[in-house]
Amino acid sequence: PAGSVVKGTMMLPKEDLINVVQSAGISLDHVASAEGPRILTSCGSGLTACVIGLALHQLKMPLQRWAVYDGSWAEWGADQETPIMKRAADGGEEVVPPLK
């Protein structure tokens with residue numbers, strides 16, 4: 001979430017961003033590698049996804065590896081044909097039925 005990389009109206013200092021990324025189990029070498037996988041960020045409307053991408057770029061992630069799904073949840077969730085999953089009580093996944 002954006003709250004993990006922003007405090008108030010400012011991006012966290014680099015040292016704090018490093019802590020956030022490392023506490024998520026992500027290697028800084030992996031983030032900065034030009035050969036790493038593409039990273040796609042999404043959120044409710046696209047704004048938070050951009051903030052997370054900026055934070056990763058501050059940690060030297062090449063922009064060529066990043067994409068934002070700017071339609072994000074607002075677009076995905078509005079399509080009645082799109083499957084929506086949620087975490088089930090047993091830890092598995094279950095389908096969320098469409099709204100009527």
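## Starting at Asp-70

Let's begin with Asp-70, which sits in the loop between β4 (66-68) and α4 (72-76). Those labels come from DSSP runs numbered from the N terminus, where helices are H or I with at least four residues and strands are E with at least two. This is a predicted model, in which local features need pLDDT of at least 70 and side-chain atom pairs count only at pLDDT 80 or more, while totals for chains, interfaces and linings use all residues. Residues are numbered from 1 along each chain as its sequence is written, and side-chain values use heavy atoms, with hydrogens and water left out.

Is Asp-70 buried or exposed? With a relative accessible area of 59%, Asp-70 is exposed. Here, buried means under 20% relative accessible area, exposed means over 50%, and partly exposed is in between (1.4 Å probe, protein chains only).

## The salt bridge

How many salt bridges are there? The count is one salt bridge, taking that to be a side-chain nitrogen of Lys or Arg within 4 Å of a carboxyl oxygen of Asp or Glu. The partners are Glu-94 and Lys-86, whose closest N and O atoms are 3.6 Å apart. Glu-94 is partly exposed at 33% relative accessibility, and Lys-86 is partly exposed too, at 43%.

## Two cysteines, no bond

What about disulfides? The count comes to zero, where a disulfide is a pair of cysteine sulfur atoms within 2.5 Å. Take Cys-43: the closest cysteine sulfur is the one in Cys-50, 7.4 Å away, so that is too far for a bond. Cys-43 counts as buried at 17% relative accessibility, whereas Cys-50 is partly exposed at 36%.

## Along the helices

Leu-17 lies in helix α1 (residues 14-23) and is buried, with a relative accessible area of 2%. How far is Leu-17 from Pro-97, C-alpha to C-alpha? They are 37 Å apart in space and 80 residues apart in sequence.

Further along comes Leu-54, in helix α3 (residues 47-58). Leu-54 is partly exposed, with a relative accessible area of 41%.

Ser-72 is buried, at 1% relative accessibility. The C-alpha atoms of Ser-72 and Leu-47 are 9.2 Å apart, although the two residues are 25 residues apart along the chain.

## Outside the helices and strands

Lys-60 is in the loop between α3 and β4, and at 54% relative accessibility, Lys-60 is exposed. Have a look at the backbone there: phi of Lys-60 is near 80°, a positive value in a residue other than glycine.

Our last stop is Gly-3, in the segment before β1 (6-7). Gly-3 is exposed at 63% relative accessibility. Gly-3 and Val-96 are 93 residues apart along the chain, and their C-alpha atoms are separated by 27 Å.
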